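Biologist: I'd like to learn how to read a model like this one. Could you walk me through it?

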Amino acid sequence: MGENALWQNARSWSILETGFGLGLNFLATWAQWRSDPARPKRLNFMSIEAHPVSPDDLIKGAAHWPELQELVLQLRAQYWGLGEGFQTLSFEGEAVSLTLCIGDVQDILPEIVGQFDSIFLDGFSPERNPRMWETLTLKGVASHAKPHAKLATWCVKGEVRERLKEVGFEVQKLEGLPPKRECLSALYAPHWRTHEELDPSLLSQKQEALIVGKGLAGASLARSLAKRGMKIRVIDELKSKGTGSGSQIKPLRAGASGLPVAIFHPMDSRDDNLQSKMTRMGIRMLLWRIEHLGSSLIATAFKRVEVLEVKKRSKNKESQKHWDESSNAPDREETLEPNDWSAPAKKTNASRPQILHKVGGWIRPQALIDGLLDHPNIEVIEGFEVNALTPHLETENEKDNSKHWQVVSTRGETLQTSTLILCVGFHTRELLDTLLSSDSNAPAWPIQAIKGQMTLGRMHELNELLSPGTTLSSEVLLGKRAHVDQATFVNQLENVHPEHQSPSFYIGSTFERDQIQIENTPASERKNLLDLAQVIESETQLKTTPEALKASLNLESWSGVRCTTPDRMPIVGEIRRGLWVNFGLGSRGLSLCTLMAETLGALIQREPLPLAKRLFKSIQWDRFSLR
Ligand SMILES: Cc1cc2nc3c(=O)[nH]c(=O)nc-3n(C[C@H](O)[C@H](O)[C@H](O)COP(=O)(O)OP(=O)(O)OC[C@H]3O[C@@H](n4cnc5c(N)ncnc54)[C@H](O)[C@@H]3O)c2cc1C
Ligand SMILES: C[S@@+](CC[C@H](N)C(=O)[O-])C[C@H]1O[C@@H](n2cnc3c(N)ncnc32)[C@H](O)[C@@H]1O
């Protein structure tokens, strides 16, 4: 495609293609990127396709090109579970990304947020495939071209050339590669002024950022920005070492991400709503990120397991609300078509609907966070409790006058930055109040704290209690499969605490609205034990009580606070120039943290977003004020 000379020494390069087909353009561009010593650090390839080919066809399509064999196998490994909309695949330790946008070109183009350096038009011929070449399509393409973006296509038809000129391209016919005699090369140079010409700061790339909060949100974002070449400082009031409690469970005050184990699975809904789409996109990203982080995390702190979701039919309104909070509408298993993500489960208990999520797993969040922060561009500063945010007023002698924001600690220390990002969960609003309390345009965020308490015990003790001859069915307590029961998951997780010889089991967590006290309470523990007693009874017919369980098991608890929003979507974005937020991950921290981080990373570095516009709007920081 002749990209080499154009992209050399750029920090990142973004390409838009119409018609992914067999993926040959993508593979050839990736191969070219690999072989170019002056390649850009990042290659973002976005391609629109109405009818994705099968994985086998990808392999067959590349069969004639030996140099593409290794790459097509890597592509094939991530080419699963594709559905309408956007999905990002990632290669080369996250340096190369492919966002596949599945849908009709004229529906997708208005959903793309971002501008591209190069464009490939690769529909079938205008006679066979008119929509790919209509003025409406080409106008949509032009709206995503950076000033001086280069466009290439094999189609040299006079009407296509005319339409390209109409939408702002200077067009040139060139000699083609056999079997084509000719091809077109075009430069985006419209007579009218572009957004970037009107505001050149849109093209500037940020060099550094300061992130407050090293939970899943902050650590994931730090990684996404660091890999884009930015220098990142992450500050947190907590110190990760020296808890000295000897407990299996880390200290209480570790933010929501301090939980000993968390589980993920896609959210499923009858109408495939925005949350369902988000969780699938986010889980796909989480999986490739874990893969890129390497084998030690995978060996000790993460396991892919199928997740059996057992839904509860609630009679009273309050528990229905609770149900809606933690899952979605009942009876879904009756309409669910099996796909790569989920399938209706074989019923072991006919009265309750069940869905088997084939893509799921559990992870120790703290190990993931440590892995994310282990990057040469990231500096972690612990024990820094931010007390106030202030604008930073530059002094005359200051060399660096780009630092507009300052954080002040409880001990009076200060740090300055050009890009300040708050990832402090439920504390985000109160921290912002220190800056914006007198600002009538301060964002209104109807966030809610929901305390959760998780209970943990030793598997061998539970087995002793159940014996002789009684075991929980393999679907419930087996390392291969997690069992998510409404808001409760009960599972045996053998690797969670490798230092303990006996595998642990977990029950929980509770959902306690408007509770910001994170002390463990006997009442919450009892609720968890009641759930465990019910699971034991439904699986083994053995009747037991929370009290009996408590008397025979050595139990520990962990509590934290989820930060949730009324529409169950996170809150992200730039609320004042250089001041950003990333919070409100609710009960789905694992499913959302990478997607939010990659979205913000792209926004901050002016790359095309991995999210469709409709989804992006659903997480905008100002959506509650606009209503
Ligand atoms: C009991 C329970 C069970 C859960 N189970 C699951 C699950 O199974 N799967 C799942 O995906 N999600 C689960 N979640 C949700 C998940 O834990 C959260 O969505 C996620 O951890 C939120 O991450 P965060 O980074 O936004 O916030 P946090 O993890 O709360 O991180 C915020 C950080 O900011 C720091 N901070 C706060 N104020 C300041 C300040 N003033 N100065 C400096 N630092 C500050 C805190 O110390 C903290 O480290 C659960 C949550 C709970 C409570
Ligand atoms: C020539 S092929 C693309 C070849 C591909 N770029 C490659 O390198 O292998 C054209 C592709 O455009 C897709 N297509 C056709 N009409 C479309 C439309 N209206 N919207 C999106 N994609 C479309 C077809 O399904 C087909 O896969």
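This is a predicted model: local features need pLDDT of at least 70, side-chain atom pairs count only at pLDDT 80 or more; totals for chains, interfaces and linings use all residues.

Biologist: How many helices and strands are in the chain?

Modeller: Helices (H or I, at least four residues) and strands (E, at least two) are DSSP runs numbered from the N terminus. The chain has 21 helices and 29 strands.

Biologist: Is strand β4 mostly covered or open?

Modeller: A residue is buried if 20 or more other C-beta atoms, placed from the backbone, lie within 10 Å of its own. Across the chain's 627 residues, 45% count as buried. In β4 (residues 96-102), six of the seven residues are buried, so the strand is mostly covered.

Biologist: Which strands pair with β4, and in what sense?

Modeller: Two strands pair if DSSP finds at least two bridges between them. Strand β2 (residues 42-49) pairs with β4 in the parallel sense over seven bridges, with Ser 47 bridging to Leu 100. Strand β3 (residues 85-91) pairs with β4 in the antiparallel sense, also over seven bridges, and there Phe 86 stands opposite Cys 101. β3 and β4 form a hairpin with four residues between them, and Glu 92 in that turn has a positive phi of about 55 degrees.

Biologist: Now the ligands. Which residues come nearest to ligand 2?

Modeller: A residue is near a molecule if its C-beta atom, placed from the backbone, lies within 6 Å of it. Of the 20 residues around ligand 2, Gly 19, Gly 21, Leu 24, Ala 50 and Val 105 come nearest. Both α2 (24-35) and β2 supply at least two residues of this shell, so β2 links our two topics.

Biologist: And why does ligand 1 lie between domain 2 and domain 4?

Modeller: Domain bounds come from an automatic or database domain assignment. Ligand 1 lies between domain 2 (210-241 + 367-445 + 567-626) and domain 4 (448-564) because both give residues to its shell. Of the 39 residues around ligand 1, the nearest are Gly 213, Gly 215, Gly 255, Gly 452 and Gly 589. Elements giving two or more residues to that shell include α9 (216-226), β22 (448-458) and α19 (589-604).

Note on methods
Residues are numbered from 1 along each chain as its sequence is written. Chains are lettered from A and ligands numbered from 1 in the order in which they are written. A residue is buried if 20 or more other C-beta atoms lie within 10 Å of its own, exposed if 12 or fewer, and partly exposed in between; C-beta atoms are placed from the backbone.
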